[in-house]
Structure formats: C-alpha cells, structure tokens
Amino acid sequence: MKLRKGDDVIVIAGNDKGHTGEVVSVDRQRNRVLISGVNLRTKHKKPTQQTPQGERIQEEVPIHASNVMLVDPSTGKGTRKRPAQG
C-alpha cells in the first residue's frame, strides 16, 4: 500500500466520491484507511447519567484503500504514486 498517515487523498469510488481529506490512520492488514471528514456514520449512544437524553454521534469509518487516490499538490487532482527510477 502506498498510502501513509498525513497524505492528502481523494475518494474515487463509493458514496463519498469526489471528497478529499487527510489520512488519519492506515490498517495495512485489512487494507483500509481512515480519512478525516469522509465516510461518516451515525452512532446512537444510550442514555447515561452524564447524558440522560442519549446522543447521536457522527464518526469516521475506514474505507478500502483501493477506493482512494493520492492528490497531486500542484494540480489538486488524483495521481498515481510510482517508485523512483534511477
């Protein structure tokens, strides 16, 4: 996998296609990446003594690494990362 924490990526497939964000974490065994502000899911929390009403929290869920592409800083578009030759 050619992605690392801190890389800027664009989503190329799925519900969030076209969204960009920064890689927060990488799971190399499951081939998934967590991107800030992308692939949000709503989680319902039960009422507790601290929050008697309960709450709904939006949290980021990992997305498969094949559905993202690195962003070229000069053009702002997706690009493929190739090994350096020479």
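In which loop does Thr 48 lie? Thr 48 belongs to the loop between strand E4 (40-45) and strand E5 (55-60). The model described here is predicted. With a relative accessible area of 40%, Thr 48 is partly exposed. Between Thr 48 and Ile 12 there are 36 residues in sequence and 40 Å in space, C-alpha to C-alpha.

The fold includes an open sheet of six strands in the order E6-E3-E2-E1-E7-E8, with antiparallel pairing. Strand E6 (63-64) and strand E8 (78-79) are its edge strands, each pairing on one side only. Within the sheet, strand E2 (residues 20-27) and strand E3 (residues 32-35) are joined in the antiparallel sense over four bridges. Ser 25 stands opposite Leu 34 in E3.

Turning to charge, the count of salt bridges comes to one. Side chains of opposite charge can pair when their charged atoms come close. The salt bridge links the side chains of Asp 27 and Arg 30, at 3.6 Å from N to O. Asp 27 counts as partly exposed because its relative accessibility, 28%, falls between the limits of 20% and 50%. Arg 30, at 51%, counts as exposed because the limit for that class is over 50%.

The relative accessibilities are collected below.

| Residue | Relative accessibility | Class |
|---|---|---|
| Asp 27 | 28% | partly exposed |
| Thr 48 | 40% | partly exposed |
| Arg 30 | 51% | exposed |

A patch of positive charge on the surface gathers Lys 2, Arg 4, Arg 28 and Lys 81. Of these residues, Lys 2 lies in the segment before strand E1 (8-11).

Terms used. Residues are numbered from 1 along each chain as its sequence is written. This is a predicted model: local features need pLDDT of at least 70, side-chain atom pairs count only at pLDDT 80 or more; totals for chains, interfaces and linings use all residues. Side-chain values use heavy atoms; hydrogens and water are left out. Patches are made of residues with over 30% relative accessible area and no salt bridge: like charges are joined within 9 Å, nonpolar side chains (Val, Leu, Ile, Met, Phe, Trp, Tyr) within 5 Å. Accessible areas come from the Shrake-Rupley method with a 1.4 Å probe; for residues, only the protein chains shown count as cover. A salt bridge is a side-chain nitrogen of Lys or Arg within 4 Å of a carboxyl oxygen of Asp or Glu. Lys and Arg count as positive and Asp and Glu as negative; His and the chain ends are not counted. The place of a charge is taken as NZ of Lys, CZ of Arg, CG of Asp or CD of Glu. Helices (H or I, at least four residues) and strands (E, at least two) are DSSP runs, numbered from the N terminus. Buried means under 20% relative accessible area, exposed over 50%, partly exposed in between (1.4 Å probe, protein chains only). Two strands pair if DSSP finds at least two bridges between them.
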